[in-house]
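Take a moment to look at the sequence and the fold. Then follow the text from one chain to the contact between chains.

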Amino acid sequence: MKLLAVIETSAPLSSLYHIMPSFPWFGMDIGGTLVKLVYFEPKDITAEEEQEEVENLKSIRRYLTSNTAYGKTGIRDVHLELQDLTLCGRTGNLHFIRFPTHDLPAFLQMGRNKHFSSLHTTLCATGGGAYKFESDFRTMADLQLHKLDELDCLIRGVLYIDSVVSSGPSECYYFENPTDPDRCIQKPYTLENPYPLLLVNIGSGVSILAVYSETNYKRVTGTSLGGGTFLGLCCLLTGCSTFEEALEMASQGESTRVDKLVRDIYGGNYERFGLPGWAVASSFGNMMSKDKRESVSKEDLARATLVTITNNIGSITRMCALNENIERVVFVGNFLRVNTLSMKLLAYAMDYWSKGQLKALFLQHEGYFGAVGALLELLHPA
Amino acid sequence: MAEWSGLHSSTSRHTMDKSITLPPDEIFRNLENAKRFAIDIGGSLTKLAYYSTVQHKVAKVRSFDHATKEATSDELYEISVQEEVTARLHFIKFENAYIETCLDFVRDHLVNTDTKVIKATGGGAHKFKELIERKLGLRVDKEDEMTCLIKGCNFVLRNIPHEAFVYAKHADSEFRFQTTQPDIFPYLLVNIGSGVSIVKVESEDKFERIGGSSIGGGTFWGLGALLTKTKRFDELLQLASKGQHTSVDMLVKDIYGGSYGSLGLTGDLIASSFGKSATADKGFPKEDMAKSLLHMISNDIGQLACLYAKLHNLSRVYFGGFFIRGHPVTMHTITYSINFFTKGEVQALFLRHEGYLGAIGAFLKGAEEDNPNQYSWGENYAGSSGLMSVSPDMNPMQRARSGTFDMLEMDRLERKLVNLPLLQDASSYIPDTVDLAEDALAREYWLYCFEEALDGVVKRALASQPDMPEAAERAEKFRQKYRHKLQTLRHQPFAYGSLTVRSLLDTREHCLNEFNFPDPYSKIKQRENDMALKYYQKVVKSLEELSWEERQFALIRGVLAGNVFDWGAKAVSDVLESEPEFGFEQAKRKLEERPWLVDSYDQWFERLKGPPHKCALFFVDNSGLDIILGVMPFVRELLSRGTEVVLASNSAPALNDVTNGELQILTESIAAMDPVIQAGLREDRLTLVQSGSSSPCLDLSRLDKVLAMVVRERKTDLVIIEGMGRAIHTNYYAMLSCESLKMAVIKNSWLADRLGGKLFSVVFKYEVPAAGHDSEALTPP
């Protein structure tokens with residue numbers, strides 16, 4: 001069924017793009033919370049080309065590349081920019097831009113104002129929003145979306161980015177000594193011969209995929225306890241309103257005041273079952289008591305929320321790895337953006353509970369792989 | 001993990017009730033002889049367990065001495081009511097607020113105990129240790145919580161039929177009880193306390209905590225209290241049951257606009273729990289947040305449980321812990337989650353006595369020297385409150401009436417009970433033909449029927465004890481108790497597992513025993529036995545005069561005519577009351593003429609022309625004409641054909657069914673008149689065994705171990721089941737691995753109607769197992 005969907009949507013495209021598609025080159029991933037946009041800025045434009053380039057196209061390029069913020073909420077992750085990349089015989093820079101999904105109408109309005117549709121481009125888009133907002137793209141901005149499966153795009157994007165990043169910080173990394181906070185450091189990892197691989201995408205929700213090759217993968221399971229849950233609960237519990245704010249609070253809090261630990265119950269380790277005293281016995285378990293509810297800070301609550309969600313993803317991942325008999329796990333998705341706390345926790349949990357059997361890997365371009373995959377579809381239809 | 005930690009805040013609300021007075025007849029019964037105490041103190045509930053001996057009356061029959069027989073009367077045997085001491089386990093569950101009152105009560109009523117120790121488990125055991133030691137003067141001996149839980153779980157799964165159930169919120173009957181499995185292991189127990197422990201149980205002593213989660217009941221409670229400012233756990237559940245999670249959660253359709261078809265994810269699935277609460281500026285109703293939280297936690301636990309079940313290849317998954325206990329809301333969400341994640345391959349199972357597991361386990365730890373696992377135990381319906389008896393969701397009235405005391409009583413049975421070795425598939429055997437919980441019409445009829453019959457039963461009970469002046473008071477108490485049980489079952493048909501005609505009958509027997517009416521029909525049985533014996537030789541003689549062919553038919557008609565004499569059937573007891581002269585011949589005339597309602601007589605007759613059976617196991621029914629003039633001549637014929645016969649009768653009285661004790665005496669006295677029977681006994685070709693049951697119905701999965709042994713030794717190849725209770729209400733669909741004969745006369749017009757027959761219609765069902773089935777095990781492939 002999945003395969004069919006891909007063929008259906010890509011058939012007309014492959015006939016259109018025997019030759020290089022015209023600029024601009026975008027790939028878009030419209031998720032439940034964030035829209036991720038990758039934009040290829042050609043740097044090898046000849047004078048002739050420049051002459052022929054329509055004003056619209058120039059203005060778009062200038063607008064995107066000369067700013068790092070768009071409107072109130074759009075942001076370009078400059079540190080992720082990939083320079084001197086060769087795509088389809090063209091050399092240029094790949095830019096990574098994100099904005100909240102609820103600001104999509106503003107984006108469409110901008111597309112309309114800049115007469116994006118006059119460029120006769122087809123926008124490759126993935127994520128649920130590609131389906132949900134398809135008609136808005138058409139009516140508000142006169143744009144035709146080419147919809148792509150998000151998991152196909154995700155895997156294609158991961159494999160591509162990992163293969164092209166050669167300079168600068170390594171795309172793939174892990175944490176050495178994850179169980180020792182003092183000696184825990186980030187180390188580069190070479191993801192050659194990557195299969196089989198468990199790919200855990202933590203967006204608003206979580207999808208867990210077992211990947212056996214670029215085209216052979218399955219969605220093992222998923223959980224609704226994801227980045228959206230962390231932010232949603234933090235907003236309700238602390239009154240914060242952004243992911244950054246929530247993370248900042250979490251970094252200053254202490255989850256052990258909120259959670260009930262094994263040692264809170266047993267006074268130490270629960271030897272009978274080999275449970276260490278520091279393990280969380282009940283997330284938010286201390287909040288059953290009125291006194292303790294009154295004595296915790298917002299920061300503590302944010303931290304506990306983060307730890308709860310992260311550990312739970314860790315547990316489910318670990319069980320899937322065992323069931324699928326896979327030893328390497330790559331965590332991606334925007335929940336991990338600027339979220340070293342969660343990454344280290346995941347690294348720790350994978351290592352500790354598997355007694356060193358499982359390795360947690362992370363990628364620099366965390367949340368952008370779907371969008372990259374969509375862009376690749378534009379250039380090299382599958 | 002621990003269910004209790006930090007839950008103490010909820011106890012304060014009942015402080016005003018602390019000075020309750022406890023009715024000694026109803027709660028904490030039989031304390032005088034109590035020993036081996038155990039206590040499980042949870043976050044809000046305390047469960048107290050003790051072992052006690054119960055002195056109650058049993059009816060015994062004893063053969064008169066031949067020398068003195070003439071002198072006393074014509075009666076064959078005498079009936080005496082004797083005191084017998086049996087063992088009983090008592091479990092009482094009450095709110096922690098009552099703990100002091102209860103301990104005082106226990107101390108004041110504890111007389112003959114030499115107990116020094118009380119086994120304790122649960123988190124509160126530590127908190128209340130000092131109080132218990134001071135009040136009871138017993139040393140508190142702590143036992144590991146999980147060990148107790150597992151021990152208790154094994155015990156109830158093994159000893160209580162219909163312990164486990166599947167919960168289906170929207171089905172006709174929400175509780176679908178599971179039949180007892182011959183082998184209860186292996187299984188997964190998911191205990192949802194403040195956190196979650198996932199335990200794999202492989203045998204009585206081998207279990208392992210294979211995993212767990214910190215997201216459990218404590219998360220629901222703690223996070224729920226923060227989000228909704230609602231303090232109590234059950235109030236949070238109430239909120240959740242009223243809420244709409246779709247305003248708080250981000251659904252697949254919120255992201256996709258519809259379903260995510262290629263993955264088969266429907267639009268209504270939750271993509272991100274609380275995913276909408278980050279973007280919306282408005283506040284959310286408490287109910288909606290509680291609902292979203294409940295879904296989040298239940299789904300998460302369900303998912304983990306499924307992952308563990310899959311990894312360890314286990315299909316039986318039981319859920320327990322305070323998060324589940326008596327809460328239809330959480331049972332529903334967990335069931336939903338398990339269905340979703342396993343695509344229906346694994347069913348979430350719950351336990352009727354889940355709340356008692358820790359207390360049962362702690363008790364068993366303390367009673368190891370008595371080796372309680374070597375016995376079989378039976379749930380006493382008279383002394384047990386039943387599922388959801390104190391659930392405010394299910395039964396608000398009940399809570400107000402009986403306080404918050406819930407009880408479980410279990411009787412130690414004299415023998416170990418096992419499966420009939422001849423069941424085709426013990427794991428799928430269901431004794432009862434109709435589940436009244438699922439059949440509203442049948443339920444209504446039978447509840448009405450039992451209520452109608454109650455006056456008659458009370459009258460009969462009184463008549464059985466003419467010399468006891470307080471019998472009237474006891475009979476009245478019996479009436480009230482049984483009527484109350486019937487009322488409870490009307491509203492909660494699931495209270496004691498599947499509601500069946502058998503359970504209604506058994507409950508009545510338990511209630512009669514409770515008030516010391518061990519055998520209300522003893523006198524009637526005696527009179528009828530004496531009378532029937534007088535005709536035995538005449539009946540045998542007239543059968544002898546028939547041709548072989550005629551005799552075979554006459555023998556079957558004889559069994560059927562005898563089966564008309566059933567005091568449990570109103571249509572018959574009315575006749576018997578009004579026509580004392582109603583006899584065997586009249587009964588034959590009542591019988592339906594062939595073709596019978598169910599009639600495989602021709603096949604049976606053909607079979608008789610073939611080689612004799614090796615051994616026939618005969619589950620007999622009523623005393624008097626049934627056993628003596630119907631069954632015995634038939635037995636005689638079987639013996640003459642060279643077939644050994646095992647007669648299985650009840651271990652203890654039920655209605656006018658013949659008991660093993662009575663049958664011993666009757667057979668001896670028939671043997672004195674009949675050389676065939678005598679030779680059978682002498683040559684050990686006729687054996688009497690007790691069934692292990694004291695019910696008018698028959699559960700072939702709970703039979704006396706000796707019976708099973710005899711059946712095996714004798715290579716039994718024919719099972720005969722007689723009577724409405726044993727062959728229609730139960731076992732009508734039972735599949736056996738050898739030939740079987742099910743014979744009964746329908747003596748209830750409603751049932752006759754339902755089966756498409758009429759009063760005194762005959763069921764004669766001769767079955768031969770499908771070819772090859774029984775040889776499978778014997779012939780190597």
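Which residues of chain B does UniProt list for "domain: Damage-control phosphatase ARMT1-like metal-binding"? The unreviewed UniProt entry gives residues 449-758 of chain B; such annotations may be inferred rather than shown by experiment, and positions follow the numbering used here, with feature names shortened. This is a predicted model, where local features need pLDDT of at least 70, side-chain atom pairs count only at pLDDT 80 or more, and totals for chains, interfaces and linings use all residues. Residues are numbered from 1 along each chain as its sequence is written, chains are lettered from A and ligands numbered from 1 in the order in which they are written, and side-chain values use heavy atoms, without hydrogens and water.

Over residues 449-758, chain B is 56% helix and 10% strand. Helices (H or I, at least four residues) and strands (E, at least two) are DSSP runs, numbered from the N terminus. The end C-alpha atoms of this stretch are 17 Å apart.

Now turn to charges. The structure holds 69 salt bridges over all chains. A salt bridge is a side-chain nitrogen of Lys or Arg within 4 Å of a carboxyl oxygen of Asp or Glu. One joins Asp300(A) and Arg257(A), at 2.7 Å from N to O. Asp300(A) lies in helix α12 and Arg257(A) in the loop between α9 and β14 of chain A, so the pair ties together parts that are 43 residues apart in sequence. Asp300(A) is buried, at 1% relative accessibility. Arg257(A) is partly exposed, at 45%. Buried means under 20% relative accessible area, exposed over 50%, and partly exposed in between (1.4 Å probe, protein chains only).

Chain B has its own pairs. Glu143(B) and Lys119(B) meet in a salt bridge at 2.8 Å, N to O. The two residues are 24 apart, with Lys119(B) in strand β4. Both Glu143(B) and Lys119(B) are buried.

How do the chains meet? 58 residues of chain B are in contact (heavy atoms within 4.5 Å) with 59 residues of chain A. The size of an interface is often given as the accessible area lost when the parts come together. Here the buried area (1.4 Å probe, summed over both parts) is about 4,800 Å². Carbon and sulfur atoms give 66% of that area. Across this interface the rule finds 1 salt bridge. Glu324(A) and Lys310(B) meet in a salt bridge at 4.0 Å, N to O. On the side of chain B that touches chain A, α9(B) supplies the largest share, 9 residues.

How values were computed: Buried area is the accessible area (1.4 Å probe) that two parts lose on being put together, summed over both.
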